[in-house]
Amino acid sequence: MPDMLPDHRDASSGQAAVSRNPATGEVFAHYPYDDAAAIERRLAAAQTGYRAWRETPVAQRAAVLARLAGILERDVEALAALITAEMGKTLAEARAEVRKCANTARWFSEHGPALIADEPAPVEGEDVYVAYLPIGTVLGIMPWNFPLWQAIRAAVPITLGGNGFLLKHAPNVMGSAYALEAAWLQAGAPAGVFGVVNVDNDPVEAIIGDPRIAAVTLTGSPRAGSAVAALAGRALKKSVLELGGSDPFVVLADADIERAVAAALGGRFGNCGQVCLAAKRFILEQPIAGDFTRRFVDAARNLVAGDPTDPATTIGPIAREDLRETLDQQVQKAIAQGARVLLGGHRRQGPGWFYEPTILADLGPGNTAFDEEMFGPVAAIIVASDAEHALTLANATEYGLSSNLWTRDIDGAKRLARRIEAGGVFINGFTASDPRTPVGGVKRSGYGRELSHFGIREFVNAQVVWTRKG
């Protein structure tokens, strides 16, 4: 994942976050940064909102989330258009993102209360239970690649637990941030329960240290995560981090190649490759490496880049010009280190920040395309001599977010899965996130979990209530 705390000021914006259309490069919105007085108002509102919200019965909190789901479903077209304008994904992908947000809000509204209900503890002869209680307002530092989903994924379980959520969003998607704030208010949440603070880097340290902030959650790069974790630790506040990934997509010799290629195409080039939980290193067992690679290159060659509002477009632009430049530097470095270009390898000429769908081969550990996260439409092909070698290559990374494993031997795959150093293993399927299952990583991909009962209990006080008998 790229750095999530960029400075987005430019000569035309002054002290403001800027939204540019990635398909054209044109500025279409400025959002003035909050000054000290505005930040104070935001923190005060968050504290007031939290105090009211924590006393709200969980059934009423769940009802707010149910109404939030309905608002997102009702406004899917307007919200999708905003997402596409701000960060460039196709309208089809943007609609899917909004609907996923609605489904998650609805799932937690229906099933979340049971996940934080008082839980009896089996202490013989005593009356003991654990109560899951709110801890305060959580600062959420969120990225631009899924402008609604990343915030919803964090905020829905956090607020259902009785906490507040203060969103510091990426500067290029502030329209989406304010749209979410408006939706939460319209759903009936007290003002400040879901709030937005629009700041650049400098005020973040003070906000984390403010006593009205109880904890921090961040989705971003290891560099940003390390900085935020240090600030939270200094203030003795909990943090949850979902950081970068260089997910292995392992295809063994007995795999269904047609299905694997279809999943690989969507997994690598969906959202223009700008996904943390996405296949990036394609590790192929030698007997099928040639067949898979040919099919994969042919499929990628047929992707249609262009205006993301055009239904014929299947891959949009990179979200920002600086991100495209960083990606191109990585690609050119990988080529200089010996990678062979099978497809693409260059920025597309013309308006907008498009990058050619790119597939690189003849590489392994020590090559930039293997060692670093490539946050864009770039796939790395690596050939393994056998399954054991594939496992070694899969784990030869500082990251550990997710992974894919393709084989017809399901029992063998489950045994291999236990040896893969990642927060998730998807056997014969597309990497996905679902409110019923946790999301998170190991190693430099972060710590803590979002979604499911793991996520909703990350930011609560597991309070033991023990009544002695007799």
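Which residue in S9 does Ala215 stand opposite? Ala215 stands opposite Lys238 in S9.

The structure is a predicted model, in which local features need pLDDT of at least 70 and side-chain atom pairs count only at pLDDT 80 or more, while totals for chains, interfaces and linings use all residues. Residues are numbered from 1 along each chain as its sequence is written, and side-chain values use heavy atoms, with hydrogens and water left out. Helices (H or I, at least four residues) and strands (E, at least two) are DSSP runs, numbered from the N terminus.

## Sheets and paired strands

Strands of a sheet pair through backbone hydrogen bonds, either parallel or antiparallel. Here two strands pair if DSSP finds at least two bridges between them. An open sheet of six strands has the order S7-S6-S5-S8-S9-S17, with mixed pairing. Strand S7 (194-196) and strand S17 (446-447) stand at its edges with a single partner strand each, so one side of each is left without a neighbour in the sheet.

Another open sheet has three strands in the order S3-S4-S18, and its pairing is antiparallel. Its edges are strand S3 (119-120) and strand S18 (460-467); each has a single partner strand, so one side of each lacks a neighbour in the sheet.

| Strand pair | Sense | Bridges |
|---|---|---|
| S8 (residues 213-219) and S9 (residues 238-242) | parallel | five |
| S10 (residues 247-251) and S11 (residues 279-285) | parallel | five |
| S4 (residues 127-134) and S18 | antiparallel | eight |
| S1 (residues 16-20) and S2 (residues 27-32) | antiparallel | five |

Individual partners can be named within these pairs. Val130 stands opposite Val464 in S18, Val251 has Leu284 in S11 as its bridge partner, and Ala17 has Tyr31 in S2. S1 and S2 form a hairpin with six residues between them, and Gly25 in the turn has a positive phi of about 85°.

## Burial of strands

Buried means under 20% relative accessible area, exposed over 50%, and partly exposed in between (1.4 Å probe, protein chains only). Four of the five residues of S1 are buried, so this strand is largely enclosed by the rest of the structure. In S10, five of five residues are buried. In a regular strand the side chains alternate between the two faces of the sheet. Asp247, Phe249 and Val251 point one way from S10, whereas Pro248 and Val250 point the other way.

## Helix packing

Helix H2 (residues 58-74) packs against helix H5 (residues 149-160) at an angle of about 155°, with the axes 9 Å apart. Axes are lines fitted to C-alpha atoms, for helices over the stretch in contact, and angles run from 0 to 180 degrees between N-to-C directions. H2 is therefore roughly antiparallel to H5 (angles under 35 degrees count as roughly parallel, over 145 as roughly antiparallel, 65 to 115 as roughly perpendicular and the rest as oblique). The contact (heavy atoms within 4.5 Å) includes Leu65 and Leu68 of H2 and Ile152 and Val156 of H5.

## Two buried loop residues

Met142 is found in the loop between strand S5 (137-141) and H5; Met142 counts as buried because its relative accessibility is 0%. Thr407 lies in the loop between strand S15 (404-406) and helix H14 (410-417), and at 4% relative accessibility Thr407 also counts as buried. Not counting residues up to four places away in sequence, Thr407 touches Leu252, Asp254, Ala255, Ala413 and Asn428.
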